[in-house]
Amino acid sequence: MSTPRTWILVAILLLLAAVPPIAAALAQPFYLDLLRRVMIFAIAATSLNLILGYGGMVSFGHAAYFGIGAYAVGVLSHHGIDNGWLQWGLAIGVSALVAAAIGSVSVRTSGIYFIMITLAFTQMLYYLGISIAEYGGDDGMRLKVRSQFSGLIDLDDPASFYYLVLAILALFLYLSRRLVNSRFGRVLQAIRSNEARTRAMGISPYPYRLAAFIIAGAMCGLAGALLVNHTAYLTPEFMNWTRSGELMFMVILGGIATTAGPLLGAAGLLLLEDGLQGWSVLPKWVHEHWQLYLGVILVLVVLYARRGLAGLLPGGENE
Amino acid sequence: MRKTTITILAGLVAAAFVAAPASAQQKVRIGFISTFSGPQGVIGEDMKNSVELALDHLKRKVGGLDTEIFYGDDQVKPDVGKQVAEEMLKKNNVDFVSGVIWSNVMLAVAPTVTAAGKFMIGTNAGPNQLAGADCNELFFSTSWQNDQTPEAMGKYMQDAGIQDVYLIAPNYAAGKDMLTGFKRYFKGKIVDEVYTRLGQTDYQAELSQLRSKNPKAVFVFLPGGMGIQFLKQYSQAGLRGQFPLYSVYTVDELSIPAVKHAALGQLETRYWSQDLKNEANQKFVGDYRKKYGGKTPSFYGAQSYDGIMLIDSGVRAVKGNLADKKGMIAAMRKADFKSTRGKFTFNNNQFPIENFYLLKAVAGPTPNSDPVMEIQKTVFTAHKDSYAKDCKMKW
Amino acid sequence: MNFVLIAEQTLNGLQLGVMLFLLAAGLTLVFGIMNLVNLAHGALYMVGAYLTTYFYQATGSFVLGVVLGLAGSLLVGVVTELVALRTLYERDHLDHVLATFGLILIFNELIVMIWGRAAIYSSIPDYLSGHVDLAGGLHYPVYRLLIIGVGLLVALLLWLVVARTRLGMLIRAGASNRAMVAALGVDIRLLYTIVFGCGAALAGLAGLLAGPIYSVQPGMGELILIQVFVVIVIGGIGSIRGAFLGALIVGMVDTLGRAFLKPILATVVSPTAAETAGPALASMLIYLLMAAVLAFRPAGLFPARGT
């Protein structure tokens, strides 16, 4: 457990923990919001990494759970239920249920077929979301009141909310690590690297894959609940395949099947997007055509940083 | 090698933190949110051009104060728009946020801005919530309420006694709102109401259906690329001569260059037109053409231009004392500025009360130039939106 | 519901299908032979549309525009393959996804930098813009018939090349067993470049045919890309026959669904329910179709074993 990489990851988390007081001291509250958003996407990316990185299941429909988690909170709030325990519990529960349903069908396929079928399901959910006028259709819904936790924590306080997200991120990173290194995780990785041999050993891949799929879906559902509280707004667009694509890019950019990867990838992509558009150090022609430079950076990372951003970190032979 | 990389990266991150100091001089800071990437970026471009022109006309001083303007790209996503707004509020310390094309982005951005105690000047999207129950004294619109434009078309077609109308709109909230607004004033016979897929490129199937139903007129709402595609295919299918085509937000100065003569004869309703004869508009359109290579501005631009002028009138009235919010609200309510639409009055919900005209795409001045939109008649005079009664503000 | 309308919608479905086939053929070849997931295929479609539109307007001749546009797409494809994609073949699919996504951003923004963000004007030449009277009072645009014709011709040509020529044999062999083909001494890198170039040319052809009737704007490829992926999955990866039949099926289902789903629904449920459910269902239809196909035939309808 105590590889150099682990220490670097711990250092990053400690650095993140130091942001609220630093931001307050420098009177730059915006960075709190920015990094909180990064962390929420990092949580979603961590959940995707479980099935994509370790499980080899390239799901192009992971954003569906983002949306389901967000809508669970939003719909309950719309009907007057602001209890956070209930909302978030439902977010995780419904995501797990839907993941079980979608997974039971999709996990039987593999490769490009798995990609497309997960994509299909998420698109169907997206179009469904657009057509339900009661919950705003594609206009979406405002979250008027944030999830209430009976005085335990006030999500309206930016710093408290920030620390909650950080705590959940740290927890999920730890859980993910434990899961991957457990027997379950090892079987999952074995299935990814050589399915035929795993079958020959008498292990059926299907229940392992499905279990991983459900766990990942539930985790992402929680990320969705966090996101809707962060933006105080939700739209079916949370479930669009392009969002799934963004999550995938974060995982790949960060380095698949690494613990630090999802966090680095989420930070990398989101901070790059924000930075290329607004960082005053860069010239105007970069701001105007920022997508070009983002594209170039992505291609360069793929070509030259073979193991992703996490691959640039020292250590990691044991990952 | 790896250690150096990390050190450099850490250094850059630290530099980013300190690169944006909070300035304390008496300046006006305005944030403008629109879409600048992707195909809809063409609208954002028009709005930005108009904002820049407005600032030029004010000699870069809004209300007499030095002005800093920040542009943000919402990428057509409400959560990105909200993040951009928060960046403008918290990092750039703007006093005003303006812009926003899309209703769903507006519904995420406007409450964020007003909750922070700053002004939101909407220069396009006019969702009914913000015109009705969720109206706010810090929210002003220089455009319209979404339903008003199709209401005008509905009234025109009702008054003209047109029957057997075929309706087409994309299957999303704005599409449904447009047809609802149309039907509020149009009471004649509707042959069919068709909802297409958002982002659809090929309309052959819908055109074949349309032809088989043989309506007397067709009314569509197909913004952006969808409109361009529909218009081209409608024209190519030879339907132009057969069924008169009416629309809203489908044909404008931004899409005409892409369809050219396929737009000829198109009828739309709008609160503004480039040929509207008042001093401010003639100056706006004329100078826009001069500054931007002969291009004609669109209504998106006219609204954004008016937004800056509105802010200017507010700041001028309180003599630059940006802390006097009540004073600015009172001043802006008076709308004491020269608007590109002529006389400008606000309703109690701080949405404009304005005329709506029937516009037609006619041939341009020279044989090779693109069609231009010209006013044919006035449909509504001093039209109020249908949601003002739900707004509790009275002044 | 009259037969002329049904016939017309069938032709529409055929035309949409043919358009999808041109795009799907290139994509499925590249994926099947080179095992490369190319998200930037839509960008090549866009390049074809832009180049042809530009050359048509610059030279005044549609034919010249088509020739130059096609040549340009081929060139852009080959250059992209040599510069950016060569090193990716041995890499994971996921790396392909990220790299080609980066390429999409680059292509889109380059187009913006050259031609601006607004859609550019494209038109059908006058001699192609008329209508033809087919049997039974069916009035169909000449240009759309041309698209059907070109598409069928290309399908025939591709089938001939793949089934009857040495190159085609190599392509089929490569789709089944790449390592063996390389071991047999074939210059696999040259084969790959040729295949990719052909794929790019096909995408460019689809683009130049689409240009006059669709909107030529940055990002136009992404709008149609997802339908193309659905086509090759339904048809079966690596198979031209699969791409052709899959494209026709998707084109038909989508068109007929949009046209007739609501009226059909209205006979079983109330008109207002059909009003809301109809369009929503029509949008989801091709995805439902794909899920259904994959449930029964997980490798697609006509997988590459022996096309």
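This short talk describes the fold, the surface and one interface of a predicted model.

Good morning. In this predicted model, local features need pLDDT of at least 70 and side-chain atom pairs count only at pLDDT 80 or more, while totals for chains, interfaces and linings use all residues. Residues are numbered from 1 along each chain as its sequence is written, chains are lettered from A and ligands numbered from 1 in the order in which they are written, and side-chain values use heavy atoms, with hydrogens and water left out.

I begin with chain C. Its secondary structure consists of eleven helices and two strands, where helices (H or I, at least four residues) and strands (E, at least two) are DSSP runs, numbered from the N terminus. Along the sequence the order is α-α-α-α-β-β-α-α-α-α-α-α-α.

How does the radius of gyration of chain C agree with that of a compact globule? For 307 residues such a globule would have a value near 19 Å, and chain C has 20 Å, which agrees. The radius is taken over C-alpha atoms, and the globule rule is 2.2 Å times the number of residues to the power 0.38. Along the principal axes, the C-alpha atoms of chain C fill a box of roughly 65 × 50 × 35 Å.

In chain C, 60% of the 307 residues are buried, meaning under 20% relative accessible area (1.4 Å probe, protein chains only). Of the contacts (heavy atoms within 4.5 Å) between residues of chain C at least 6 apart in sequence, 79% join residues at least 24 apart.

Let us turn to chain A. Chain A has 13 helices and two strands. Its radius of gyration is 19 Å, close to the 20 Å from the globule rule for 319 residues, so chain A is as compact as a globular protein of that length. The C-alpha trace of chain A spans about 60 × 45 × 40 Å along its principal axes, and 61% of its 319 residues are buried.

Finally, I come to the interface between chains C and B. The size of an interface is often given as the accessible area lost when the parts come together. Here chain C and chain B bury about 3000 Å² between them, 48% of it on carbon and sulfur atoms; this buried area is the accessible area (1.4 Å probe) that the two parts lose on being put together, summed over both. Which residues of chain C lose the most area to chain B? They are Arg117(C), Tyr121(C) and Arg258(C), together 24% of what that side buries. The contact involves 39 residues from chain C and 37 residues from chain B.

Thank you for your attention.

Definitions and conventions. Buried means under 20% relative accessible area, exposed over 50%, partly exposed in between (1.4 Å probe, protein chains only).
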